[in-house]
Amino acid sequence: METIKLKINENSNNIIDYISQTRNRSYKKKYLFWQYKHPKSLICCIQKDDQILGSQGMIFTELKLAQKSIISHKSETTFVDDSLRGKGQFERLYEYSVNEAILEESQLIWGFTALGTLWEKKLHFKCNKELIFEANLIVNQSNSIQGLKRVYYFFKGVQNRLKRLVISEKNLTIEKFNLSNEISVLKQFESTLSEKTVSLDYQSETVKNRIFNSPVISYHYLRIHFLGNLEAVVIYHIAKNQFIISEFLYLDQDKLPSVVKKVISYSLAQKNITNIRFWGNKKNEHYCAIFDNLSKFGSNIIPVHNMQLVYKPIDENLMEIDPSNYMINGLWTEGFTY
């Protein structure tokens with residue numbers, strides 16, 4: 001039995017088969033290459049007689065802190081065969097993977113798990129179990145919903161419409177645009193970030209790859225203008241009649257209620273939308289205001305317990321950064337859940 005770092009190439013069928021059998025039945029080669037094709041990304045495995053018994057991925061992701069680039073790795077594809085449980089193999093595999101990521105100059109290793117306590121005790125990661133929340137705003141009832149739930153959806157929809165009546169959309173316009181041609185537009189929102197904000201580096205190739213080349217999600221992009229000036233940008237996708245917001249950047253918190261209403265109005269103009277969902281770090285000041293405004297429009301705000309943030313700062317400049325400064329949104333996941 002040995003712990004090795006796999007080379008990702010056209011002959012990687014063994015790890016693809018392993019992931020599809022243990023984690024995701026629909027996993028394909030295109031997913032593996034999308035996640036791990038960058039030379040700083042890696043998958044480490046426990047292998048015995050050419051049989052994989054455990055896997056740990058580290059996906060290279062470029063973040064930013066105070067406009068400075070951060071080399072980070074997202075912990076992903078974590079699994080150890082039941083035959084190895086309780087034998088310390090998981091800890092050895094993870095330590096090996098962390099060390100390999102550090103050799104790739106990683107300054108921060110992070111991920112989401114339902115087992116935050118395990119990451120704290122066994123792997124010595126920091127963990128915050130009350131960071132990630134989801135807003136779910138019911139705007140219409142689905143024909144597939146029956147019984148009392150249908151009545152609930154009906155009244156929630158009426159309630160939300162009444163709450164929207166008191167907020168003005170005057171002087172706001174909204175349009176779809178091609179972000180791949182204009183990703184520099186996101187730089188306009190950097191002025192709203194503090195020097196302790198950790199965010200995705202939208203100018204980096206790894207983040208562009210995550211958004212534009214995703215085999216899982218087709219993202220769409222909105223610009224909201226106030227009197228002709230850019231006020232907000234929204235990155236979203238639609239799945240199962242749900243309008244799912246992955247990123248929501250805005251300039252003026254005072255205009256945010258009107259901007260949120262404009263986005264809701266836009267979503268209602270799309271065919272068969274029943275819910276608007278937004279997932280992210282509720283303790284982050286920027287996103288907290290979005291959660292608060294969605295709540296005022298009648299959204300349910302619930303903690304996501306199976307997506308606890310676990311993180312290990314390697315760079316000393318990141319040691320004391322409070323997790324509330326992490327601008328975590330749906331783009332921080334791989335898209336298989338959000």
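Predicted model: local features only at pLDDT ≥ 70, side-chain atom pairs only at ≥ 80, totals over all residues.
## A buried arginine

Residues are numbered from 1 along each chain as its sequence is written, and side-chain values use heavy atoms, with hydrogens and water left out.

Arginine 223 sits in strand β10 (residues 220–226). Strands (E, at least two residues) and helices (H or I, at least four) are DSSP runs, numbered from the N terminus. Is arginine 223 buried or exposed? Its relative accessible area is 15%, so arginine 223 is buried. Buried means under 20%, exposed over 50%, and partly exposed in between (1.4 Å probe, protein chains only). Leaving aside neighbours within four places in sequence, arginine 223 is in contact with residues including Thr173, Phe177, Glu182 and Leu230. Contact means heavy atoms within 4.5 Å.

## Two crossing helices

Helix α7 spans residues 256–268, and helix α8 spans residues 285–296. Their axes come within 10 Å and cross at roughly 65°. Axes are lines fitted to C-alpha atoms, for helices over the stretch in contact, and angles run from 0 to 180 degrees between N-to-C directions. The two helices are therefore roughly perpendicular to each other, a term for angles of 65 to 115 degrees.

Which residues of α7 and α8 make the contact? From α7 come Leu256, Pro257 and Val260; from α8 come Ala289, Ile290, Asn293 and Leu294. They divide into 6 nonpolar, 1 polar and no charged. Here Ala, Val, Leu, Ile, Met, Phe, Trp, Tyr, Cys and Pro count as nonpolar, Asp, Glu, Lys and Arg as charged, and the others, Gly among them, as polar.

Lysine 296 also lies in α8. At 60% relative accessibility, lysine 296 counts as exposed.

## Two positive phi angles

Most residues other than glycine have a negative phi. Glutamine 67 has a positive phi of about 70°. Glutamine 67 lies in the loop between β3 (51–65) and β4 (68–80). With a relative accessible area of 42%, glutamine 67 is partly exposed.

Asparagine 171 has a positive phi of about 75°. Its loop runs between α5 (147–165) and β8 (172–176). Asparagine 171 is partly exposed, at 36%.

Methods
Parallel < 35°, antiparallel > 145°, perpendicular 65-115°, else oblique.
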